[in-house]
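Here is a brief report on one structure. Two regions get the attention.

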Amino acid sequence: MPRPEEHCWRRSCTSRVESKNYYRENWVASKAEEMMSIITSVLSNVYGSLHSVQTANLIRRGLVLFTVGVFLALVLNLLQVQRNVTLFPEEVMATLFSSAWWIPPCCGTAAAVVGLLYPCIDSHLGEPHKFKREWASVMRCIAVFVGINHASAKLDFANNVQLSLTLAALSLGLWWTFDRSRSGFGLGIGTAFLATVITQLLVYNGVYQYTYPDFLYVRSWLPCIFFSGGVTAGNIGRQLAMGGVEKLHND
């Protein structure tokens, strides 16, 4: 039979071991909680910095696209006005660049929206566009787009149907040469449809008019111009997005 002193000693040893284990478990739990809070803080800081970098990159790309859209609108609309393809009220013709003030910002906004939308759709579909992804190809695409616009104002055909078919073939050729993606073709068609409807409404309300309209209130080749413009803005937007991703990886 164990003595009372022995029993008390064992009891005290057991309580010490239990208290040590209890303190050790508390220490481990507190350290684990501290580590989790540090990891959470680091991840939130990384996400915040990454989000701010992506937002700044998005704004920068949008500004570039807006500037390009404004410049092309000024040049190409001036060409259309000089060839009497589009007619504006007399008070508008007396202003700078012989164009309505709202056309450049509207075209710039449209270019920014379309150019930012192209890489987003590519990412959503999981089909990154890698066909001819260099600035030389983008500049050639812009040159072809300007050439198509120049042809719509300069070329003389027997009727508008021949001109429309020629510009449609050139626009499809531009897409095939510089894009070849399903998303690019779909967005180009959507851009052409929406822009043509808006233009029809503007002409219908007397904001300006087209000479010799043959497609309701506008010229039948106008959707071809909008289609090629959408593809061109998309190519610029993709190239800008590609440069932004490479810069983000380097950082």
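## An exposed tryptophan

Trp-101 counts as exposed, at 71% relative accessibility. Exposed means over 50% relative accessible area, buried under 20%, and partly exposed in between (1.4 Å probe, protein chains only). Trp-101 sits in the loop between helix H2 (90–93) and helix H3 (103–125). Helices are DSSP runs of H or I, at least four residues, numbered from the N terminus. The C-alpha atoms of Trp-101 and Leu-74 are separated by 9.8 Å, and the two residues are 27 apart along the chain.

## Basis of the model

This is a predicted model: local features need pLDDT of at least 70, side-chain atom pairs count only at pLDDT 80 or more, and totals for chains, interfaces and linings use all residues. Residues are numbered from 1 along each chain as its sequence is written, and side-chain values use heavy atoms, with hydrogens and water left out.

## Helix H6: span and ends

Helix H6 covers residues 182–204, 23 residues in total. At 1.5 Å a residue it should span 33 Å, and its end C-alpha atoms are 33 Å apart, which agrees. The expected span is 1.5 Å times one less than the number of residues.

At the start of H6, a side-chain oxygen of Ser-181 reaches to within 3.0 Å of the backbone nitrogen of Gly-184. Just after H6, Gly-206 takes a positive phi of about 80°.

The buried residues of H6 include Leu-187, Ala-192, Ala-195, Thr-199 and Val-203. Leu-194, also in helix H6, is exposed, with a relative accessible area of 53%.

How values were computed
Helix = DSSP H or I, 4+ residues; strand = E, 2+ residues; numbered from the N terminus. Polar contact = N/O pair within 3.5 Å; in protein donor to acceptor, adjacent residues only side chain to side chain.
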